[in-house]
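The following exercises concern a single protein model. Please work through each task before reading its solution.

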Amino acid sequence: MTGPNGQALARHTADAVVRRSYGRFADRSGRPVSGCHGAEDALAEALASALDRWPVTGCPGNPEAWLLTVARRQAIDRQPDLESGVRAPLMLQVVIGLDARTIASAFLTSPAAMSKRLVRAKTRIRETGIPLQVPEPEELAGRLGAVLDAIYAAFTEGWSDPGGIELARWDLAEEALFLARLIVALLPDAADALGLLALMLYAESRRLARRSPAGDFVLLASQDQARWDWSMIQEANGLLRQAGSMRTVGRYQVEAALQPAHLFRQRTGQPNWPDLVELYDGLFALTGSPVVLVNRALAVAEIEGAAAGLHSLEQVAAEARLAGYQPYWVARAELLRRTESPEAARSAYEIAVGLARDPAVRRFLLNRRETLGNHGDNERER
């Protein structure tokens with residue numbers, strides 16, 4: 001009903017709902033987001049919207065639910081937000097309990113800078129009243145990226161201790177896998193969540209093979225494939241196919257796709273480095289991460305030679321975020337080794353050794369450093 005009568009009916013209905021349910025509105029629509037005044041403002045905007053729409057569309061069958069939904073959305077729109085880059089680190093500290101130094105390593109920043117970011121985020125939460133609450137279903141997609149980043153960072157921290165020397169870190173990898181499975185169960189149509197779970201399963205499938213019976217670090221090319229968990233690999237393959245069928249591409253899908261490409265090469269002996277370079281290019285387009293370019297440089301070296309790979313690596317050498325990234329220095333040392341630059345390689349190895357937290361990796365790198373100049377240094381290392 002339009003016109004004066006419709007407006008009168010809309011106002012009468014809205015007023016009746018508010019008188020009957022104001023307390024519920026104040027509690028459920030705005031108070032958790034921005035305080036009492038925020039609740040009143042959100043409700044006022046919802047009422048204004050009702051008076052504008054209901055005379056045209058008619059009063060809804062459940063006007064209370066309509067007003068509550070609109071008021072809640074208004075309140076959410078008013079919510080002071082956190083910068084996107086601190087959301088995943090904050091989850092790792094508040095929910096999982098990792099310290100700033102560990103989190104900083106996962107996100108390629110200094111412990112001091114990460115600590116400041118976390119303190120600023122907590123201060124903003126306290127001062128502006130940002131709530132800790134379960135998001136509505138329609139809000140999940142917008143928050144998924146930071147959640148996936150936090151889960152993957154937690155998994156990586158746990159996976160970096162394949163020998164199970166630190167029980168807490170082993171448990172952390174298992175917990176991250178549980179959380180990834182939970183996300184997939186809650187959001188089965190989220191392609192990148194499927195990609196993340198696939199990526200983690202591919203990595204976890206090789207955990208035992210990354211150590212010899214004596215506890216020494218083993219490169220992928222030298223791993224005993226009988227020690228790989230093939231049931232995990234098959235599950236990961238299925239998840240990756242399922243994600244691919246959704247025709248959307250995300251970071252974790254591409255990262256996961258790199259894994260079976262590596263496994264294919266190891267199983268068949270057929271080089272597929274151009275395919276890997278193409279995947280790294282796609283991943284860099286999605287992430288802009290210098291870590292991707294480090295791995296790409298190693299793939300280029302397999303195609304065009306170590307000098308070409310080293311040239312590619314030099315393009316990110318000035319990237320400050322790589323200064324404390326141990327795999328960068330390992331890659332640099334190996335490429336310098338293969339270009340017969342032993343002194344520069346030795347310096348890179350020393351930095352890599354200093355950054356290595358895993359004793360087995362440290363022993364491996366020390367051995368590589370000590371054998372510099374031996375015959376065969378210019379052979380390909382995978």
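## Exercises on a predicted model

**Exercise 1.** Describe the secondary structure, the burial and the sequence range of the contacts.

*Solution.* Begin with the secondary structure: there are 16 helices and 0 strands. Next, consider burial: of the 382 residues, 44% are buried. Finally, take the contacts between residues at least 6 apart in sequence; 62% of these join residues at least 24 apart.

**Exercise 2.** Determine over which residues the pLDDT falls below 50, and decide how those parts should be read.

*Solution.* The mean pLDDT of the protein is 83, and 83% of the residues score at least 70. Residues 28-37 have a pLDDT below 50, although the model gives this stretch 27 contacts beyond near neighbours in sequence. Residues 378-382 also stay under 50, with 15 contacts beyond four places in sequence. Where pLDDT is low, predicted coordinates should not be read in detail.

**Exercise 3.** Characterise the packing of helix H8 against helix H10.

*Solution.* Two packed helices are described by the angle and the distance between their axes. For H8 (residues 191-205) and H10 (residues 251-268), the axes come within 7 Å and cross at roughly 35°. The hand of this crossing is left. On the H8 side, the contact residues include Gly195, Leu199 and Tyr202; their counterparts in H10 include Tyr252, Ala256 and Leu263. Sorted by class, the contact of H8 with H10 comprises 9 nonpolar, 3 polar and 3 charged residues.

**Exercise 4.** Repeat the analysis for helices H13 and H14.

*Solution.* H13 (residues 306-314) and H14 (residues 326-338) pack at about 145°, and their axes are 9 Å apart. The crossing of H13 and H14 is left-handed. H13 contributes Ala306, Gly309, Leu310, Leu313 and Glu314, while H14 contributes residues including Tyr328, Arg332 and Leu336. The class count for H13 with H14 is 7 nonpolar, 1 polar and 3 charged.

**Exercise 5.** Is Asn367 buried, partly exposed or exposed, and why?

*Solution.* First locate the residue: Asn367 lies in helix H16 (residues 359-370). Its relative accessibility is 46%.

How values were computed
Residues are numbered from 1 along each chain as its sequence is written. This is a predicted model: local features need pLDDT of at least 70, side-chain atom pairs count only at pLDDT 80 or more; totals for chains, interfaces and linings use all residues. Side-chain values use heavy atoms; hydrogens and water are left out. Helices (H or I, at least four residues) and strands (E, at least two) are DSSP runs, numbered from the N terminus. Buried means under 20% relative accessible area, exposed over 50%, partly exposed in between (1.4 Å probe, protein chains only). Contact means heavy atoms within 4.5 Å. Axes are lines fitted to C-alpha atoms, for helices over the stretch in contact, and angles run from 0 to 180 degrees between N-to-C directions. A crossing is left-handed if the near helix is turned anticlockwise from the far one by less than a right angle, and right-handed if clockwise. Ala, Val, Leu, Ile, Met, Phe, Trp, Tyr, Cys and Pro count as nonpolar, Asp, Glu, Lys and Arg as charged, and the others, Gly among them, as polar. pLDDT is the predictor's confidence in each residue, from 0 to 100.
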